[in-house]
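Here are some notes for a colleague who is about to work with this model. They are set out as numbered points, each on one part of the fold.

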Amino acid sequence: MGALVLAASLAACGSDIDGFPSPGEIDIRQLDVGNYNTDPAEYRGKPRHSVAAGEMLDFSRLVDHVVIGSDVDEKFEHALLSRLLHTPTYTTTVLTEAAKPILEATGMLYGFSAAASTHPLVDTTYYDSTGNFKPFGGADTNPEATSFNITVLEFPDDESARTAAEQIEAADFDVAPDVNARVTIDGLPTARAHWRPGVPSLAATVSHGSHLINVFVQQPTADLPELKSLAERVFAAQIPLLERMPVLSPRDSLLQPPDPHGVARRTLSLNDGLAVDADSNAIRTPRGWLHFVPEQRVWEPMLDSSGVDYIATTKKTAILFRARDATAARSLHTAIDALYPQPAGAPPNSRDITCAENPKPKRSGNVLQTWDASDRFLCTVSYDRYVARVASAQLTDAQQRAAAQYALLAKSQYM
């Protein structure tokens, strides 16, 4: 009996098995990573709690809780504006100049302004730099478009926000009190609104807790019921988001972890440690990140179908998506590749890295949009549930960045 078992075992050793070999991890030591650091962020420099870092995290949290176009209606598929408002002075790039002294007196902390439309902005080199109300950053919208702007400002307390809302609406109305007409907003009895009869736009302001919400709507025709309806829908989408936003005490803000989801530590960076800010070295939810993406109608369904929950960006270096799982990450990688069908060489000795030529480099690449930057070459990297994007003007440098990003993702699994 034992001889029969041995014979069967020997026969099995020489038999063929259907299927394909599945290679294990590649040796990341064989990757050409140039001079890029492939250690997780906390190994490059210890994060330090500070009031300034806490404020930047608070700032990013606000961006995550401001509506994008599709939150109001799927037809608003063009992002026209995404503006971080660090000071009362900078806030006048979207609000009226008369708001500045009011915001200073009421202690505005920070804010965010976003705009969406059914059409892209008019291609122009002229921007209004006067003290007028500039809901689209001084640019003109398409006359056939229906558009809205929403500006959300944070204040130290509810009373400051309420005072600012009342005074800013009054100041805006008083720019032309003889032709402006007051308007009520259904469902928001404390809201202050006005329009100019015959002009197809309406502005409304309300406070909600320690936030001021200003909404501006514009459409092709001066139809007041339709303008009011749109403003009401924007408020209806925005207020629940603010109610879901955690309220932190000054102490909690100071002590909040800079990378609670472990995504920034995995993102290639030129900085030492976790350099937190609200502009480019940031961690965002898909909503917060989509504010900075003109092609929202392309990216939003890709992120939704892949179950992306957090996105990390580093200044002019990389962007990292955390997908639902490894399968979803591979699907996202494939979807990103489909946007850039002109392939370029992948890094030597690599896997799960693809590179492409950027067909339309931007004249001024947005630091939050590494895949759509002014660089000529773009590379996508996937590892486990993560997908990253890097870019460079030179193919060799793009390949080195991609290889370094892959090595960083691999090392972050056990370091």
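1. The helices named below are DSSP runs of H or I with at least four residues, numbered from the N terminus. The coordinates come from a predicted model, and with that in mind the place to begin is H65, which sits in the loop between α3 (51-64) and α4 (69-72).

2. Is H65 buried or exposed? With a relative accessible area of 15%, H65 is buried, because the cut-off for that class is under 20%. A polar atom of the H65 side chain lies 2.8 Å from the backbone oxygen of R61. Once neighbours within four places in sequence are set aside, the contacts of H65 are with Q238, L241, L242, R244, M245 and P246.

3. Helix α12 covers residues 326-338, and its length can be checked against expectation: at 1.5 Å a residue, its 13 residues should span 18 Å, and the end C-alpha atoms are 19 Å apart, which agrees. The expected span takes 1.5 Å times one less than the number of residues.

4. Which residues of α12 are buried? They are A328, A329, L332, H333 and I336. These residues cover an arc of only 145° around the axis, which places them on the same side of α12. The face of α12 turned away from the buried side carries T334 and A338, which are exposed.

5. As to what the buried residues of α12 pack against, the partners are helix α11 (296-306) together with the strands β10 (318-322), β12 (353-357), β13 (377-383) and β14 (386-392).

6. The structure holds 12 salt bridges, and one of them joins the side chains of D39 and K411, with an N to O distance of 2.8 Å. This pair links distant parts of the chain, since D39 lies in the loop between α1 (2-13) and α2 (41-44), whereas K411 belongs to helix α13 (residues 395-412), 372 residues apart. D39 is partly exposed, at a relative accessible area of 24%, while K411 is buried, at 14%.

7. Another salt bridge is formed by the side chains of R376 and E357, at 3.0 Å from N to O. Here too the pair links distant parts of the chain, with R376 in the loop between β12 and β13 and E357 in strand β12, 19 residues apart. R376 counts as partly exposed, at 44% relative accessibility.

8. The side chains of D352 and R351 also meet in a salt bridge, with 3.5 Å between N and O. D352 is partly exposed at 35% relative accessibility, and R351 is likewise partly exposed, with a relative accessible area of 30%.

9. A last point concerns D178, which is found in the loop between α7 (158-173) and β4 (181-183). D178 counts as exposed because its relative accessibility is 68%, where the class requires over 50%. The C-alpha atoms of D178 and R196 are separated by 9.6 Å, with the two residues 18 residues apart along the chain.

Key:
Residues numbered from 1 in each chain as written. Predicted model: local features only at pLDDT ≥ 70, side-chain atom pairs only at ≥ 80, totals over all residues. Heavy atoms only, no water. Helix = DSSP H or I, 4+ residues; strand = E, 2+ residues; numbered from the N terminus. Buried < 20%, exposed > 50% of the residue type's maximum accessible area, 1.4 Å probe, protein only. Arc of directions from axis to C-beta. Contact = heavy atoms within 4.5 Å. Polar contact = N/O pair within 3.5 Å; in protein donor to acceptor, adjacent residues only side chain to side chain. Salt bridge = Lys/Arg side-chain N within 4 Å of Asp/Glu carboxyl O.
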